[in-house]
Every structure is written in C-alpha cells, then in structure tokens.
Amino acid sequence: MGDVLHIRGRILAGPDDVRDELWVVGGRISYERPAAEAVAVEGWVLPGLVDAHCHVGLDAHGAVDRDTAEKQALTERDAGALLLRDAGSPSDTRWTDARDDLPRIIRAGRHIARTRRYIRNYAHEIEPGDLAVYVRREARRGDGWVKLVGDWIDRDTGDLAPCWPKDALAEAIAAAHQEGARVTAHCFAEDSLADLVTAGIDCVEHATGLTDETVPLFAEHGVAIVPTLVNIATFPRLAAAGEAKFPRWSDHLRTLHARRHETVRNAYDAGIAVYTGTDAGGGLPHGLIAAEVEELVTAGLPVEAALSAATWGARKWLGRPGLTEGAPADLVVYDADPRADVRVLAAPRRIVLRGNVVG
Ligand SMILES: [Zn+2]
C-alpha cells in the first residue's frame, strides 16, 4: 500500500476547511500523526480532480483496444483527474477496476440514441418503444448512471432536434430510478430540455441550449449540468465542416457557441449545480481537466465554485469522499495556491492514487 506520507502545506479539504497537514497510511487519509516514519511532501493539496464527462475506451471511430483505453486513463490520471464519470462507452472497461494505478471510473454503460441520430459505432440505436428496456439494462450494467442522447441533427429538417417523445422519456427515466441509477442526456439545443426535466432527468451534458425559460426549470428540479466548455470550443470548426450540407445546423451551433459562457454563468447564478467534464475520448484528447476549470472561471464562476465543480462538489455529487479521515488517499499536490490562480492545476507536483505516489 505504499509508503507512509506526511503531506504538509495547505490541505484544501473543503471550501471552508483548510488544514496544515495530513498523513497517508495504508492507502488512506489520516489526520492523526502515525508512529511510522513518513515521507514528506509539501504543497497545496486538493482531492483528486473529477472529470465528470469523459469516455475511456472510445475514440472518434468507436470502441478502442485495451492498450489505448489504458493510455487514455493514464493521461487523465497524470492530469490529476482521479475520478472519472464515463458518459458512455461501447467498450467494457470493467478490467480497470482491478488496477490500482488507474483512476476510478463511474460508468454510464453505453450511450442510448435514436436510430441513425448519433455518431456511428457509439450507441445502442433504438426507437422510443424500446427506450425503457434499454435504459433498465444499461442501468444494471453501469455504476449508477445511464446516458441518453437527448438531441442530435435531424437530417430531414437540417437542424438539431429532440430525439425522444415525452412519454417514452418519463417511462425510461422512471425505470432507471427504480434500478437506483441516475440519468443524464447529451443536449446541445433548446428544444429537448423542458421535456427531459419534466420526465425526471438528473443531469444534462453540454446544456448549451439553456434559456431564460429552462434555467429556472433546471434550478427548481435540481438538474445538474456538465457544460464541457473545452468541447463546445470546437463548435465553430464543426459548423464550418457542415456548412454546405446543413447551413441551419451550422448557424445554430455558432449561436450556441457565441453565448456559451453567458449560458453557464446564468445557470450558475440561478443555483444550478455545475460540474467539470471534458468530453475526452470522442473528438478530444484526454487530460484537459485543468483547461475546463479555467473555462468555468472564464465563464464567470467564482474561483472557489470552479474548483468545487472539479473537486469537493463533484465528489459529493457522485457519492465519493474527498480528503476525509479514512477515505482512500486520492489527492493532488500543487506548487501554488489554486484558489489564487486555477491555472496551477495544469501542472501537478505530485499525484497520489490509492495512497501510492504515481506522478
Ligand atoms: Zn461525451
């Protein structure tokens, strides 16, 4: 279980809980000085960061082999992301659970999309009549989450459009809740959001289509968002590539992109819970968690809120401990205070995973 560590400096155990030191003993956090000799580590300490939307085992073309998935997970780890919520993957990454050197993964099973309404090779592509059955199955396969594709381009209208009727959503989300799983959905546009909230959704990914009508609805129902701003930054490129074939869709993406920071800021101001996710594994590389925290600050979130979105708040939301007595020692040490400048997250000094110094 590695050496006994004595970590000194500023232990950022919570937004209002800063301590001077902690120890790592037997892979776990302790605030009591042990008798054993300890290796000293110094700096500013945060709980292992959370990438609440990434995909391990996936690339732009679909499922990848084990070596590639392992590299993806290691890249997240080396960026300080020690807890991943995998927002849908066609490959089985269950084998990583036995690996002490890889981040912990909370899986959402495989994406569930409408027939021919998502990226090829990613999702179960089904019709609304089968939605509840598939959701229940993925709820049982995953680690407490199910992932829907809530909207996507409709090639007939040439624009983003909702994928599911209201009744099918309500039945499917109820089935997931019965199985003890929460449900999240990929949504870029405006039109699917009210139906999803009414149907009982727990979280929305991207949520670029939030408006003055739907922001209060999300706040009232306690629906969280994971904006994935580092991914939304690619909208202009996608829009340019699709311009000739789907001009309405391209315009729509550009509009959503132009107001992305304002959208996130409005959501935060209304009391909607915001968490960090990078969407790595589809089009984007892994290891971008620090950039996403910086994006939340750019959007106008206070620094402590942006940090919480990647640490204390996100861990609580996912039901995983932070820097509490007896918790598994998953933490990151930095050279400087991330509360003064979140850009220090881009260069961790030490990474401790399950009590072992891994970076
Ligand atoms: Zn994704």
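**Figure 1. Contacts across the whole chain.** Take the contacts in the protein chain between residues at least 6 apart in sequence: 66% of them join residues at least 24 apart. This is a predicted model, and its protein chain has 12 helices and 20 strands. Of the 359 residues, 57% count as buried. The C-alpha atoms fill a box of roughly 70 × 40 × 35 Å along the principal axes. A compact globule with 359 residues would have a radius of gyration near 21 Å, and the 20 Å of this chain agrees with that.

**Figure 2. Close-up of the zinc ion.** Here His53 (NE2), His55 (NE2) and Asp279 (OD) coordinate the zinc ion, at 2.0 to 2.1 Å. Along the chain, the donors follow the spacing H-x1-H-x223-D. His55 and Asp279 link distant parts of the chain, 224 residues apart. His55 sits in the loop between strand S5 (49–54) and strand S6 (58–59), while Asp279 belongs to the loop between helix H9 (260–269) and helix H10 (289–299).

**Figure 3. Where H9 meets H10.** These two helices pack at an angle of about 80 degrees, with their axes 8 Å apart. They are therefore roughly perpendicular to each other. On the H9 side, the contact is made by Arg260, His261, Val264 and Arg265; H10 brings Glu295, Leu296, Thr298 and Ala299.

Technical notes:
Residues numbered from 1 in each chain as written. Predicted model: local features only at pLDDT ≥ 70, side-chain atom pairs only at ≥ 80, totals over all residues. Heavy atoms only, no water. Donors = N, O, S within 2.8 Å, 3.2 Å for Na, K, Ca; no water. Helix = DSSP H or I, 4+ residues; strand = E, 2+ residues; numbered from the N terminus. Axes fitted to C-alpha atoms, helices over the stretch in contact; angles between N-to-C directions. Parallel < 35°, antiparallel > 145°, perpendicular 65-115°, else oblique. Contact = heavy atoms within 4.5 Å. Rg over C-alpha atoms; globule rule 2.2 N^0.38 Å. Buried < 20%, exposed > 50% of the residue type's maximum accessible area, 1.4 Å probe, protein only.
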